[in-house]
Amino acid sequence: MRTLTFTIPSEYQDRKVLHYLRGCAGLSSRVIRNLKTYDDGILLNGEPVRTIDRLSVGDVLTVNLPDDPVEQLPPMPDPEFLEGTLPEVLYEDEDLLIVNKPGTMAVHPSHNHQGDTLANWITFHRTEAGRAPVVFRAVGRLDKGTSGAVVCALNAYAADRLQRGVKKEYLAVPSARLTGSGTIDAPIYRPDPILTMRVVDERGDRAVTHWEALETFDDRTLCRVRLETGRTHQIRVHFASVGAPLVGDTLYGTPSEEIARHALHCAHAELTHPVTGAHISVDAPLPEDMSGLLKR
């Protein structure tokens, strides 16, 4: 169980418990409904309280988040089998786990991936450390072929508070010579609901990608990329749309003998901690398969 404690400020004098939980505390309606089903889910000065009850300045409001009912994930293969492809922990506490995901690892279990995903690894990691398993909540997931920082919320409260609150920077290697910096502002559309492929099309949702060339070669460029929107495959689709698909991107470009995936890495993530309010900043080192593309 994760216990959160709040001291009521003056602006919530005589206001309802619900107003504070939804406002200052930032809990979703779903989480609050769940808390109300437990006798000690919401306490005011140590006593059970209703969400319609009124608050006073200095009151202590306690929220006890119950442990998640976790569906048993398939067992993870022997770590030796995955040697060289295991995630690296960049930050961890009671509410957050930030890892550097290998590009070869899928995030969620699927028909083609049972036991070898990031979700499986997190269950393995917590079990090895003697911690309870949690529901896997990735805040802004990465495609299987994309490496780098993945932020995982370890409880429903942290997940609610982090929605759209994580800033990321990516490193990408488009297969073209680019200089300076620029912005690609082009809508992204999914023409076939069965297929994952996206295209730039006026029927799509607005998508904005900002890029800056860091190192330029004859036929490729190392770019720093920041997203203003978060569409599926956005970076890959946008660079392909300007004639510079990422090196190794078999969906939007062509295969490469130099790298077995698209050259995209989430190199930096920063956020405000959902409970403490502290500023958290992590960097994920560029993996060898991408750095090898730059050795010219």
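Mentor: Helices (H or I, at least four residues) and strands (E, at least two) are DSSP runs numbered from the N terminus, and by that reading the chain has six helices and 16 strands. This is a predicted model, in which local features need pLDDT of at least 70 and side-chain atom pairs count only at pLDDT 80 or more, while totals for chains, interfaces and linings use all residues. Residues are numbered from 1 along each chain as its sequence is written, and side-chain values use heavy atoms, with hydrogens and water left out.

Trainee: How many residues of helix α3 are buried, and which elements cover them?

Mentor: Buried means under 20% relative accessible area, exposed means over 50%, and partly exposed lies in between, with a 1.4 Å probe and protein chains only. In α3, which runs over residues 118-128, eight of the 11 residues are buried, among them L118, W121 and I122. Their cover includes β5 (88-92), β6 (96-101) and β8 (147-153). After α3 comes G130, whose phi is positive, near 75 degrees.

Trainee: Which residues touch the most other members of the largest nonpolar core?

Mentor: In soluble globular proteins, nonpolar side chains tend to be buried together. A nonpolar core is a set of buried Ala, Val, Leu, Ile, Met, Phe, Trp, Tyr and Cys residues joined through side-chain atoms within 4.5 Å. The largest one here has 42 residues, of which L118, V151, L162, W211, V225, I235 and L271 touch the most other members. Strand β8 gives this core its largest share, five residues. A second, separate core of 21 residues includes F6, L27, L44 and L61.

Trainee: Why does I194 count as exposed, and where is it found?

Mentor: I194 is exposed because its relative accessible area is 72%, and this residue is found in the loop between β11 (188-189) and β12 (199-200). Together with L195, M197 and L251, I194 forms a nonpolar patch on the surface, with about 380 Å² of accessible area. Such patches are made of residues with over 30% relative accessible area and no salt bridge, with nonpolar side chains (Val, Leu, Ile, Met, Phe, Trp, Tyr) joined within 5 Å and like charges within 9 Å. A salt bridge is a side-chain nitrogen of Lys or Arg within 4 Å of a carboxyl oxygen of Asp or Glu.

Definitions and conventions: Accessible areas come from the Shrake-Rupley method with a 1.4 Å probe; for residues, only the protein chains shown count as cover. Contact means heavy atoms within 4.5 Å.
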